[in-house]
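Let us go through this protein by question and answer. Each answer sets a value against a rule and then concludes.

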Amino acid sequence: MILDSAEKPLDGNRWWLSAEDPWQALACCFELKNIFEYSKHSLAITYISNLGVHMNGSCNGLQHYAAMGGDETGGRLVNILPGPKPGDIYSGVAELVSEKVARDAARGDPIALLTHGKVSRKIVKQTVMTSVYGVTLVGARLQIQNALKDKGEVSEDDIFKISMYLTKLTFDALKEMFLGAKSIMEWLADCAKAIAKTNKAVCWTTPLGLPVVQPYRKPGKKQLIKTLVQTVVLLDEADDLPVSTARQTSAFPPNFVHSLDSTHMMLTAMACKEAGITYGSVHDSFWTHAGTIEKMSEILGQEFYNLHSQPILEQLNENFKIKYPNVILPPIPKRGNMDLALVLQSPYFFH
């Protein structure tokens, strides 16, 4: 099938079209065909591949939270800690949710009885991924509802109550599995709320030295402009408008973690350039060539360790005290006992 796709991509059996990413699959078929041709002459080891090979983080936002909180249980689930096989946070959450559903079903809960046996990795995956980036209960319920619809095992009459039930159980499971992450999220939100209540926008500086300002303010005057085609609403968004406490609070935890994502990405990019290897990335997907994938893997772990060896929360707290001297900040959550240096030995940290 691979050789057929490479030799006759349009006129053959077109197996490559059945792949999740057909064009990437076809590019891989071409590459494997070339290697096969080299292997006929015992030259496969000399073939220089130009195909990009990517490595993804294991729910990258939770990796950052686990590192900041020293969360040993969470660190193992997102592959900061080494193990004989990759940890799978999505399957872990699905299993815990399934256990909760089974317990409720055993007690005769009618919604649990309808849900029993219907929880899978795919049902909870999107909600787990976006939980660290500020997904709301409403948004998470829609995610799970869509996943249930795709699976086609729940009637339209029951899908709302089942999706709400599973959303709450998924959030509960994440709280149990990532105690450190939950406490840090709450601390970040509480800090933002205290700052915003003084009508100040939340500002911080990333470990790279990049200043960040949250622009969320209450909407100003509205002006309706009617045209023949549509009505356009113009909003006054001047910098002297009052800040939106709600938006400043809800946005800060995900924005702060995004700033750590980008810091790790930039540190990795600079280290790859220094090492002389080709590099590309999209969010937490990092790319290089097959011949340098092991080197990039080493760099990813080293730069993550370098980043989180810094007292990130303590530095943020001091930054806030200097910038907002009249704001009373909550105490920093206690850190767990995870040995961050073990990330340097984790083969599945990014994989």
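**Helix α13 and its neighbours**

The buried residues of α13 pack against α3 (60–69), α10 (179–196), β2 (203–205), α11 and α12 (293–308). This is a predicted model, in which local features need pLDDT of at least 70 and side-chain atom pairs count only at pLDDT 80 or more, while totals for chains, interfaces and linings use all residues. Residues are numbered from 1 along each chain as its sequence is written, and side-chain values use heavy atoms, with hydrogens and water left out.

Q: What makes a stretch a helix or a strand, and how many of each are there?
A: Both are DSSP runs, numbered from the N terminus: helices are H or I with at least four residues, strands are E with at least two. The protein comes to 13 helices and seven strands.

Q: Which residues of α13 are buried?
A: They are Ile312, Leu313, Leu316, Asn317 and Phe320. Buried means under 20% relative accessible area; exposed means over 50%, and partly exposed is in between (1.4 Å probe, protein chains only).

Q: Why are the buried residues of α13 said to line one face?
A: Seen down the helix axis, they fall within an arc of 135°, so they line one face of α13. The arc is that of the directions from the helix axis to the C-beta atoms. An α-helix has 3.6 residues a turn, so residues three or four places apart point the same way.

Q: What covers the buried residues of α10?
A: The cover includes α3, α11 and α13. Among the buried residues of α10 are Trp187, Leu188 and Cys191.

Q: Why is Ser244 called buried?
A: Its relative accessible area is 11%, and the limit is under 20%, so Ser244 is buried. Ser244 is found in the loop between β5 (231–235) and α11 (245–275). Ser244 touches Tyr216, Arg217 and Lys218, not counting residues up to four places away in sequence. Contact here means heavy atoms within 4.5 Å.

Q: Ser42 and Asn79 both have a positive phi without being glycine. Which is buried and which is exposed?
A: Ser42 has a phi of about 60°. At 66% relative accessibility, Ser42 counts as exposed. Phi of Asn79 is near 70°. Asn79 has a relative accessible area of 2%, so it is buried.

**Cysteines and core**

Q: What makes a set of residues a nonpolar core?
A: Its members are buried Ala, Val, Leu, Ile, Met, Phe, Trp, Tyr and Cys residues joined through side-chain atoms within 4.5 Å. The largest one has 75 residues. Leu62, Ile80, Ile89, Leu166, Phe256 and Phe320 touch the most other members.
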